[in-house]
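Subject: Structure handover

Hello,

Here is the structure for you to take over. My notes on what was found follow below it.

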Amino acid sequence: EGPRFIAFDPGRMPGTELARDQPAPLRFAWKNILPTAAKMIDGASTTKRSGAMLAQLLVKKHFPTGTGLHVEFTGDEIPSSKISYDEAIQDELIEWVQKTVL
């Protein structure tokens with residue numbers, strides 16, 4: 001069957017260090033205010049929620065069929081970038097993985 005590729009989008013995760021390069025007021029809000037409001041922010045998640053979905057993907061309890069998929073923290077498949085559908089690039093990636101990783 002060969003390797004399968006899935007890109008995982010953990011969503012925006014307020015409270016993490018992802019905003020560490022932002023100005024102090026934004027870092028404060030990111031660390032102290034937004035984690036509480038994350039459930040009301042479109043595209044936001046928590047480390048626990050995103051980590052749980054990634055774990056399900058890794059142990060194949062929630063594993064979409066196919067390859068070259070883009071899955072977000074909700075488990076839903078979402079469109080990927082246009083370039084990701086280029087079969088020549090997909091073949092190049094598979095070749096690289098087979099030589100380098102497998």
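In strand β2 (69-72), Leu 69 and Val 71 point one way and His 70 and Glu 72 the other way, and all are buried (buried means under 20% relative accessible area, exposed over 50%, partly exposed in between, with a 1.4 Å probe and protein chains only). In a regular strand the side chains alternate between the two faces of the sheet. Helices (H or I, at least four residues) and strands (E, at least two) are DSSP runs, numbered from the N terminus.

This is a predicted model, in which local features need pLDDT of at least 70 and side-chain atom pairs count only at pLDDT 80 or more, while totals for chains, interfaces and linings use all residues. Residues are numbered from 1 along each chain as its sequence is written, and side-chain values use heavy atoms, with hydrogens and water left out.

Strand β1 (residues 6-9) pairs with β2 in the parallel sense over four bridges; two strands pair if DSSP finds at least two bridges between them. Phe 8 has Val 71 as its bridge partner in β2.

The loop between α3 (47-58) and β2 contains Val 59, which is exposed because its relative accessible area is 56%.

Helix α4 (residues 87-100) has 14 residues and should span 20 Å at 1.5 Å a residue, and its end C-alpha atoms are 20 Å apart, which agrees. The expected span is 1.5 Å times one less than the number of residues. Glu 92 lies in α4 and is exposed, with a relative accessible area of 58%. The C-alpha atoms of Glu 92 and Ser 45 are separated by 33 Å.

Regards
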